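I opened this model to look up a few points and note them here. The entries follow the order in which I looked.

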Amino acid sequence: MSTEHEGDRQESAGPAPAASPAADAEPTVVQPAAPPAPTVEPPADPTLADFPPPVPAAPATPPAAPPPAPVPSAPEQPYAAPEQPYAAPVTADTAVHGAYATTAMPQQHPDAPSAPPQPTVVYGAPVPPPPAAPPGQPPYHNGPLWGAGVPVDQPKPRKKRRGGFIALLAATAVIAGAIGGAIGSAIEDQDSGSSGSSTSTVITPTTDPNAQSRPAGSIAAIAARALPSVVTIEASGSSESGTGTGFVYDTEGHILTNNHVVAPSVNGGKLTVKFSDGSSYPASIVGRAQGYDVAVIKLTQTPREKLTPLPLGDSDKVAVGDATIAIGAPFGLSGTVTSGIISAKNRPVASGDETGAQTSYMNALQTDASINPGNSGGPLMNASGQVIGIDSAIQSTGSNVGGGQSGSIGLGFAIPINQAKRVAEQLIRTGTPIYPIIGILRDDSYTGDGAKIASGPVQGTPAVTPGGPADQAGLKPGDIITKFDGVIIDSGPTLVSEIWSHQPGDKVAVTYTRNGQTHETTLTLGSRKGDQ
C-alpha cells in the first residue's frame, strides 16, 4: 500500500504576512440596519495552524521592535465577536481521517511573525465566501467558518473495495499510534510549561486487554475449560505408529478414545499420553472393542495435576442444527479447536483401518465441524461443553496427492456418547465388550433395498442360528429385513449399526419380506462377548 500523504506533511515556508493597515485608517462602523459586511480576511487555517513555521536563524543582534501604533477605539457593536475562532474539536473521528490528522496547536515561537489583526465581524450578518487558498496550501473548509455558530459537516467516508479497506485499517492503526503519541507529548509540554490546573485529553485503558472475559457459553470459554482434559495419544509398535486424541473419563486416570488409535501398541507397543500443559505419562490398555471402535486406557503414573473429567451429555437429545465443538490433534497439531453443527443423526457408518481388516459399525452423529486424521478419539461437545460423541471417522474424496491422508470435507462422524459410555463401563469392569445380536449371516452381495439374510450356510455356519433370536422370531434364510425398531433398513451395514445401538435383552419390532410378501415380527436381542 502506498504511504504517500500518510503521516505528517512538510510545508515550505510561505511569504511573510502582509503589513498591518495604517493606524489612522477609518474603522468600519456597522449600523443596526446591518448593511453588507466589509471584506473579511480569512481566519488562520485551523489545519495549517497545527504546523509551526520554521524557526529562522537567530541574527547576531535582534532588531528592536517598533512601538505599537495607536489604535482608535472602535464604536460599540451590538454583539461582541469572539477574540479567536473556535478550534476544531479533536475527536475519534477527526483525530485520524484518511491520511490527515488534527493535532494539538503548538505554542507560537517568539521569533515568528505575528498574525495580522482580524476585523470585527457582526454576528448575524451574511458571511461572505472564503477567498481562494494561497499557493501551496490546502483549500479552506467549504462549509461554515469555525465560530460561526453552525456545526461543521464531517466529510463522508470514501467507498473502497474490501481488500483496500482492510489494508487502510492496518495502515491507519500505525499512523494513529504515532499521531496519538505526538498529541500526548504536546499536551504534556504545554501543561508542564503553564501555571494553573488543566485537564488532560489523553485517555488510557483502565483494563488489562489480556484479562478479557468470555461469555460462559462461548466457544472460547468452552475450549478453555475442556482443553486441560483433552489429551494427545501416541501409539507405537514394531510395524506402525500413529497419533490420536482422547479425553479424561474419570478421576482414576481412565482415558476414553477410539480402538484404532491404540491398535498399533497392542503387541508389545508403547502408549504415551500428553496433556495440554506439556506433561506426558505412559499408559496401558484397559480394554478395547473393535466392533464399536471404542477403547479405554489408563495412566500408569499419577499425574502431577488433578484430573478433571469432561462432563457427558445425552446424545439421544441431540437435534439436527445443534452447535458442535471438536477438540483434537489433527495431523499431530494438539489442542486444535473447531466448531460446526449436527448435520444428521443416526447415520449408519461402517469404518475401518487402511487395510480394511478392522471394521466397526456405528449409528453416528454427523457434523460439519472440521475433523481430520488425528482427531480420532477426541470429544465432540455441545454448546454447553458436554461430550455428546467421540470423533471417529470422516468421509473424504480419496487419498491425497503423494499418497498422504486426505482431510476434512465437512463430513465427520462421531460415536454417540450414550453408546460409548455403555461400552466404556463394560471395558472398565471386565475388559471385554458385549454385543447385541439377532443370530443371522448377511448376504452382502445383495444390492437391493433392505438387508438380506444369506440363502444358505456360509463356510459351514448356518444362515440363521438355530434357537437364536431370529430363529425364535420366525425369520428364515433369504428373508429381507426392511425395518428394525421402526427404522428403515437400506443395507446390511445399516442393520448392524441399528442392532448395536441397542442392548442385549431389548425387544424390537422387525419388518421383513419373503417371496414378495411383507411380514412383521418381534424378537428379543441376544448377546455375544468379545470380538470375533
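The model is a predicted one. I began with Tyr292 and Tyr435 and found both buried. For Tyr435 I noted a relative accessible area of 0%. Tyr292 is in the loop between strand 5 and strand 6, and Tyr435 is in strand 13 (residues 434–437), so the pair ties together parts 143 residues apart in sequence.

Next I checked Tyr435 against Trp500. Here the ring centres are 4.8 Å apart and the planes at 40°, so this pair is tilted. Trp500 belongs to helix 7 (residues 492–500), 65 residues from Tyr435 in strand 13. Trp500 has a relative accessible area of 10%, so I list Trp500 as buried, the limit being under 20%. I recorded Tyr292, Tyr361, Tyr435 and Trp500 as one aromatic cluster. The structure holds five aromatic pairs.

In what order do the six strands close into a barrel? I read the order as 1-2-3-6-5-4, with antiparallel pairing. From one strand to the next the twist averages 40°. I looked at one pairing in detail: strand 3 (residues 254–257) meets strand 6 (residues 294–299) in the antiparallel sense, over four bridges. His254 is opposite Lys298 in strand 6.

Which strands does helix 5 lie across? I found helix 5 (residues 417–430) across strand 2 (241–248), strand 3, strand 5 (280–289) and strand 6, and running at about 55° to strand 6. The helix has 14 residues and reaches 20 Å from first C-alpha to last, close to the 20 Å expected. Its buried residues are Ile417, Gln419, Ala420, Arg422, Val423, Ala424, Gln426 and Leu427. Just after helix 5, I noted a positive phi of about 80° at Gly431.

The largest core has 50 residues, of which Leu256, Ile438, Phe484 and Leu495 touch the most other members. Helix 5 gives the largest share of this core, five residues. Another core, of 16 residues, lies apart from it; I noted Val262, Leu271, Ala283 and Ala295 among its members.

I finished with the contacts of Phe484. Leaving out residues up to four places away in sequence, Phe484 touches Ile438, Ile489, Leu495, Glu498, Ile499, His502, Val508, Ala509, Val510 and Leu525.

Definitions and conventions. Residues are numbered from 1 along each chain as its sequence is written. This is a predicted model: local features need pLDDT of at least 70, side-chain atom pairs count only at pLDDT 80 or more; totals for chains, interfaces and linings use all residues. Side-chain values use heavy atoms; hydrogens and water are left out. Two strands pair if DSSP finds at least two bridges between them. Helices (H or I, at least four residues) and strands (E, at least two) are DSSP runs, numbered from the N terminus. Axes are lines fitted to C-alpha atoms, for helices over the stretch in contact, and angles run from 0 to 180 degrees between N-to-C directions. Contact means heavy atoms within 4.5 Å. A nonpolar core is a set of buried Ala, Val, Leu, Ile, Met, Phe, Trp, Tyr and Cys residues joined through side-chain atoms within 4.5 Å. Buried means under 20% relative accessible area, exposed over 50%, partly exposed in between (1.4 Å probe, protein chains only). The expected span of a helix is 1.5 Å times one less than its number of residues. Rings of Phe, Tyr and Trp (its six-membered ring) pair if their centres lie within 6.5 Å; planes under 30 degrees apart count as stacked, over 60 as edge-to-face and the rest as tilted.
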